[in-house]
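Student: I would like to take a close look at a single part of this structure, the open sheet and the pairing of its strands. Could you go through it slowly and then show me what the rest of the chain looks like around it?

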Amino acid sequence: MDCPSGRGWNAFWIETWRTLPTLAGYYEFPRDASGAVFYRGLRPPEYVRALRNLAIARGVRSLDHSPALELLLRSDGSVAGARGVQRQAGNQAWTVRAAGTVLATGGCAFLSPLLGSRNNTGDGYLMAVEAGAEFSGMEFCSQHTIAAAGTSQTRSASYSFATFYDASGRELDSLRGLGEFRGLASALLEGPDYCTLARMPSDLRAALHRIRPAFQLPFERQGIDPFTDRFPVTLHGEGTIRGVGGLRIVNEDCETSVSGLFAVGDAATRAGGRRDIRRGQSEFRLGADFGRESETSDCSFSPARRATNCRGCPTRGRGGPARCKGRRRD
Ligand SMILES: Cc1cc2nc3c(=O)[nH]c(=O)nc-3n(C[C@H](O)[C@H](O)[C@H](O)COP(=O)(O)OP(=O)(O)OC[C@H]3O[C@@H](n4cnc5c(N)ncnc54)[C@H](O)[C@@H]3O)c2cc1C
């Protein structure tokens, strides 16, 4: 997919760099040796807290524990807001009518053992599909990443120093320095594989606690020294949450193919980046499965709420079973 603006996708990414300093006062940015503020390497929990505080300071009202359940449609098919429930208020219904609705609901990696992803059900995708939105780059969503077997610790950079062995102890030379773990996937089909990180330089090992605080935790809990012991490895599916497909973006405002509906972050496609360049243009119209037979008036439910199958659901009925089954009952 070409970048809708024609300026290239980098323009979107540079926007983050441009706006990051506006978080000053809410986030304690580190300084380099010369004392200059260092605008990168943000710590996620504090970053999210800073974003939230900035938004609240600018007058945004935040509804916590209040999942959106459906988008509202106008009779012309444009999105007019959303509706959901406040779980901490006895599931009291809320409705927000808006000129623009931004889906920032993340991607989909439902039931993936990937760190923090098991309950990432793809709610936003489902709501967008129901409204008729199109997706882009979803065929690149089969990326898997390495982890020590039995753990969800998928910070994978350290595995650039991995040496792999099969169950008989034979070194698997071809897997050294592996990038996309395809070789490892084939090897795992033959049986369990093991790894050590013995090739990691000592200065990096010493700094690992600081750079990747959680990386060594599962090893410590299991009494494994990853730099000397051989430990079993596995691959975890990543869904769409690490820089692959998502809702197709049609203009510089990050609007989707449905008027009034916008997508950001993991909910939006990143397929205009390197993967499309490598594999060529590719998109498909997941939303097309759902008819647009709506007899909706302003702010009614989206038409697919009455759909009787989940063919178009990005999770194909597996992601977000409660929601999908709920739709079937509707
Ligand atoms: C193991 C791992 C390591 C990563 N490492 C890095 C890294 O080093 N650097 C990097 O840049 N990125 C990294 N990423 C990717 C990064 O975490 C994501 O790109 C980023 O968190 C996406 O942010 P988001 O706000 O779009 O979505 P999310 O962080 O997924 O947030 C979506 C939010 O929407 C909420 N939500 C979902 N559905 C609804 C609904 N129906 N109603 C209301 N709320 C809803 C969810 O509860 C969630 O809070 C990593 C991801 C993983 C899994």
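Tutor: Threonine 145 stands opposite histidine 236 in strand E9, and E9 (residues 231-237) pairs with strand E6 in the antiparallel sense over five bridges. Strands here are DSSP runs marked E of at least two residues, helices are runs marked H or I of at least four, and both are numbered from the N terminus; two strands pair if DSSP finds at least two bridges between them. This is a predicted model, in which local features need pLDDT of at least 70 and side-chain atom pairs count only at pLDDT 80 or more, while totals for chains, interfaces and linings use all residues. Residues are numbered from 1 along each chain as its sequence is written.

Strands of a sheet pair through backbone hydrogen bonds, either parallel or antiparallel. The open sheet has four strands in the order E6-E9-E8-E7, with antiparallel pairing. Strand E6 (144-148) and strand E7 (163-166) stand at the edges with a single partner strand each, so one side of each is left without a neighbour in the sheet. On average, neighbouring strands of this sheet are turned by 45° against each other, direction ignored (the axes are lines fitted to C-alpha atoms, and angles run from 0 to 180 degrees between N-to-C directions).

Around this part, the chain has eight helices and 13 strands, and buried residues make up 30% of its 330 residues. A residue is buried if 20 or more other C-beta atoms, placed from the backbone, lie within 10 Å of its own, exposed if 12 or fewer do, and partly exposed in between.

Leucine 111, in the loop between strand E4 (101-103) and H3, has a positive phi of about 70° although it is not a glycine, and it counts as partly exposed, with 16 C-beta neighbours inside 10 Å. Cysteine 254, in the loop between strand E10 (246-247) and strand E11, has a positive phi of about 65° although it is not a glycine, but cysteine 254 is buried, with 20 other C-beta atoms within 10 Å.
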